[in-house]
Amino acid sequence: MPTDFEVDAAQLILTSRWAAIATVKGGAPLASMVAYAPEPSLQGVLLFLSELSQHTQNLLDDPRVSLVVSAPDTGRDDPQLLPRATLTGEARPLTDDGEAFREAQALYLSRFPDAEMRFGLADFHLFRLIRSEEHTSE
């Protein structure tokens, strides 16, 4: 049975759409912001990224990744108390040749319908982040 804390973290991940991503290149970290679509089961998270971005190039070279989702800072209370969740794992591109890709694409587009035209661009890749462990904090 999930704890209230786990339920809150899952709700945050399921309802947010924008997160910080951390990738690695030659031992050096890079953090940037990306849109994401969680799978309903939270077993995976979909990222649709352009090769023009350094974080995408990093993932193509080294799939290790960390994704941080946080409640927005309204400027009212202590930001250290904001709900947040960190997902770590590996993000690998899905090949555009099967049912799994089509299902992932449909899930991503249900969350971001304006991204549909980018699926026709050669520099974009649909990645699936598979969690290796989860760290959450409130």
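The following questions and answers concern a predicted model of a protein chain.

Reader: In which order do the elements of the protein chain run from the N terminus on?

Author: The protein chain of this predicted model contains three helices and seven strands. From the N terminus on, their order is α-β-β-β-β-α-β-β-α-β.

Reader: What is the radius of gyration of the protein chain, and how does it stand against the globule rule?

Author: Along the principal axes, the C-alpha atoms fill a box of roughly 45 × 35 × 30 Å. For 138 residues the globule rule gives 14 Å, and the value for the protein chain is close to this, so the chain is as compact as a globular protein of that length. The radius of gyration is 15 Å.

Reader: Among contacts between residues at least 6 apart in sequence, what percentage joins residues at least 24 apart?

Author: Of the 138 residues of the protein chain, 38% count as buried. The protein chain exposes about 8100 Å², of which carbon and sulfur atoms supply 53%. For the contacts in question, the share that joins residues at least 24 apart is 68%.

Reader: How many residues apart in sequence are the parts that the pair of Phe48 and Phe124 ties together?

Author: The structure holds six aromatic pairs. In one of them, Phe48 and Phe124 lie 5.0 Å apart, centre to centre, with 35 degrees between the planes, and the pair is tilted. Phe48 belongs to strand E4 (residues 44-50) and Phe124 to strand E7 (residues 124-137), so the pair ties together parts whose separation in sequence is 76 residues.

Reader: Which residues do ring pairs link into a cluster?

Author: Phe48 and Phe124 are both buried, and both belong to the cluster.

Reader: Over the ring of which residue does the charged end of Arg111 sit?

Author: The cut-off for a charge over a ring is a distance within 6 Å of the ring centre. The charged end of Arg111 is 5.6 Å from the centre of the ring in question, which belongs to Tyr36.

Reader: What arc do the buried residues of helix H2 cover around the axis?

Author: The buried residues of helix H2 (residues 54-61) are His55, Thr56, Asn58 and Leu59. Their arc puts them on the same side of H2, as it spans only 160 degrees. An α-helix has 3.6 residues a turn, so residues three or four places apart point the same way. The arc asked for is 160 degrees.

Reader: Is Leu42 buried or exposed?

Author: Leu42 is placed in the loop between strand E3 (37-38) and E4. Although Leu42 is not a glycine, its phi is positive, at about 65 degrees. The cut-off for a buried residue is under 20% relative accessible area. With a relative accessible area of 13%, Leu42 is buried.

Reader: Leaving aside neighbours within four places in sequence, with which residues is Ser70 in contact?

Author: Ser70 is found in strand E5 and counts as partly exposed, at 34% relative accessibility. The C-alpha atoms of Ser70 and Ala19 are 7.2 Å apart, although 51 residues separate the two along the chain. With those neighbours left aside, the contacts of Ser70 are Leu12, Ser16, Leu82, Pro83 and Arg84.

Reader: What is the relative accessible area of Pro72?

Author: Pro72 lies in the loop between strand E5 (64-70) and strand E6 (84-93). Its C-alpha atom is separated by 15 Å from that of Asp8, 64 residues away along the chain. Pro72 is exposed, and its relative accessible area is 65%.

Terms used: Residues are numbered from 1 along each chain as its sequence is written. This is a predicted model: local features need pLDDT of at least 70, side-chain atom pairs count only at pLDDT 80 or more; totals for chains, interfaces and linings use all residues. Side-chain values use heavy atoms; hydrogens and water are left out. Rings of Phe, Tyr and Trp (its six-membered ring) pair if their centres lie within 6.5 Å; planes under 30 degrees apart count as stacked, over 60 as edge-to-face and the rest as tilted. Helices (H or I, at least four residues) and strands (E, at least two) are DSSP runs, numbered from the N terminus. Buried means under 20% relative accessible area, exposed over 50%, partly exposed in between (1.4 Å probe, protein chains only). A charge sits over a ring if NZ of Lys or CZ of Arg is within 6 Å of the ring centre and within 35 degrees of the ring normal. The radius of gyration is taken over C-alpha atoms; the globule rule is 2.2 Å times the number of residues to the power 0.38. Contact means heavy atoms within 4.5 Å. Accessible areas come from the Shrake-Rupley method with a 1.4 Å probe; for residues, only the protein chains shown count as cover. The arc is that of the directions from the helix axis to the C-beta atoms.
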